[in-house]
Amino acid sequence: MGEEETGPSSSTKKPSLKEAILLISSLISLSHSIKAFTAKWQSVRSKLEELFSNLTAIENCELSENLSISIAVESILATLKNCDDLARSCLEFSYSGKLLMQSDLDMLSAKLDTHIKHFRDIYAAGLLTQSYAIVVSRPSFSASKDDVRFYINDIISRLKIGSSAMKKQALVALNEVIEEEERYVKVAVEIDGFVNLAVNFLDFHESEVQEEAARAVCLMAGFHHCKSVLIGAGVIAPLIRVLECGSELSKEFAARCLMKVTENSDNVWAVSAHGGVTALLKICSSSSENGGNCGGELVSLVCGVLKNLVGVEEIKRFMIEEGAISGLVELARSKDEAAQISSLDLLQTMAYRDESIREMIIKEGGIRALVQILDPKSSVSAKTREVAFRGITNICFSSEKSISILISYGFMDYILYFLRYGEVSVQELALKAAFWLCGTSEEAKKVMGDAGFMPVLVKFLDSKSFEIREMAAETLSSMLIVAKNRKKFIQNDQNVGVLLQLLDPDEVNSSNKKLLLSILMSLTSSNSARKKIVSSGYLKNIEKLAEAEVSDAKKIVRKLSSNRFRSVLNVFWHS
């Protein structure tokens, strides 16, 4: 049989396809002028635009073996001619009745839906191939919205009927414009079916296309107005499937996207309902089984998602039942900084106001893992040490047992080391840890006094930072409650002199002054201390404060004015 007998050739189809494209373009333009039934025509116009996108997408396809396309185009032409008749009747107000026209428009809308669905089925079946493609150039920065829409529609066409390589190129082009200009996202989201199409590519069988699709939805999730649209398109389930069996890069984009959409607590349950918690925990456990030495960025993102989820008590309990605590403690020992920091951060979030979880962390070896990070010999960054310090104060602060464990692992020695030699950020956290530790028990104060904390704290009393000065003074004041520590403090000739020197009436901060005077008051119970105050050369600082009616300064002066010291201060009291 000849080609004429097997069916219409590509050359006989092209004119009717071209005719349909021209007619639909004309109808879209005409619909803007219609003043009757505007809501219905707005809906029809939206469907005409999607149909136009579908028709232009197949214009360069091989159609000789697609008889169904030829039949579809003929059917579309009939619908479009009916649409043209209805449009002109509405434009000229020449219809016979409103109810009849409303019914006709509803039937037209239903027919357009059928045509659109037919094309979606064809795309999904992969029946089309593109013989050639003219890739539209990206519009300039000053391009109109219509030019941007035309460019996005071209990308959609390539996504629908292009080869895998062309699909990837289209997604790459899409991601580039989204990253650089928000208006492309706004226009894309307005195009019916665009978001659904992007979400569908998350299940694409080729990893490179899937990666670019995951990147696209991740970028879109960064725009507030896109999040609800993505959720409406059902993005969560395919994102979780990517986490379960996608490439490493796809998983990273999927986790990052989930982290963005779960910032809204309304979406948290949807992740749980689709098995997301199990998938996320599996990634963490796989990494911990490998010593946490791979996938640090992915683990960090996954922990970020889980951190958003644990705000729901039921999800947190499920995570605990699945062994999350032991896995996260193991990750805290990881050699990968990102995995370490994110796992520690998640543990602290889970332990917040939950004594039972703090106990579980301690039982699973969490204290040892945290203290090991603080070992000056360990090759971790200052940032990781900062997180470890915070973890210890947040997880261990309420348990006497944990204090003993901390001290037995050398925690106190590490605090002292970083107070002396640490970077500023770590030094400040070490000071906070010292302040916290000092407040836990009298025994802790004694151990700190023996370890040599007091001379170091005295140096911080002259810090430029008010917060550091105040914390050092409070810690020192707390330690000097212990008689043994007071004796040791006084034995160092420089300590008392530094306190008095810092009490310069012209410079001392009122809050810091009160703490310094409090420390001196506690020392004046010792004869040795009183002698050092009198002979220090800075006694005049206290005298001036007493003259200024500062209560604590006056009390100190009175103590120094006992019979033994009266002759020394005689001039002051009779002046």
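Okay, ground rules. It's a predicted model, so to speak of local features we need pLDDT of at least 70, side-chain atom pairs count only at pLDDT 80 or more, and totals for chains, interfaces and linings use all residues. Residues are numbered from 1 along each chain as its sequence is written, and side-chain values use heavy atoms, with hydrogens and water left out.

Big picture, then. The chain has 35 helices and zero strands; these are DSSP runs, H or I of at least four residues for helices and E of at least two for strands, numbered from the N terminus. Of its 575 residues, 50% count as buried. Buried is under 20% relative accessible area, exposed is over 50%, and partly exposed is in between, with a 1.4 Å probe and protein chains only. The accessible surface is about 27300 Å², and 50% of that belongs to carbon and sulfur atoms; the areas are Shrake-Rupley, again with a 1.4 Å probe, and for residues only the protein chains shown count as cover. Among contacts with a separation of 6 or more, 72% join residues 24 or more positions apart, where contact means heavy atoms within 4.5 Å.

Now zoom in on helix H23, residues 400-408. Which residues are buried there? Ser402, Ile403 and Leu406. Looking down the H23 axis, the buried residues fall within an arc of 105°, so they line one face of the helix; that arc is taken over the directions from the helix axis to the C-beta atoms. Glu400, Lys401 and Ser408 are exposed, on the face turned away from the buried side. The cover over the buried residues includes helices H20, H21, H22, H24 and H25. After H23 comes Gly410, with a positive phi near 90°.

Positive phi also turns up in two phenylalanines. Most residues other than glycine have a negative phi. Phe37 sits in the loop between H2 and H3, with phi near 50°. Phe93 is in the loop between H4 and H5, at about 55°. Buried or exposed, for Phe37? Phe37 counts as buried because its relative accessibility is 16%, whereas Phe93, at 51%, is exposed.

Last stop, Ser272, in helix H14, residues 268-273. At 25% relative accessibility, Ser272 is partly exposed. Leaving aside neighbours within four places in sequence, Ser272 contacts Val277 and Ile315. Its C-alpha is 9.9 Å from that of Ile236, 36 residues apart along the chain.
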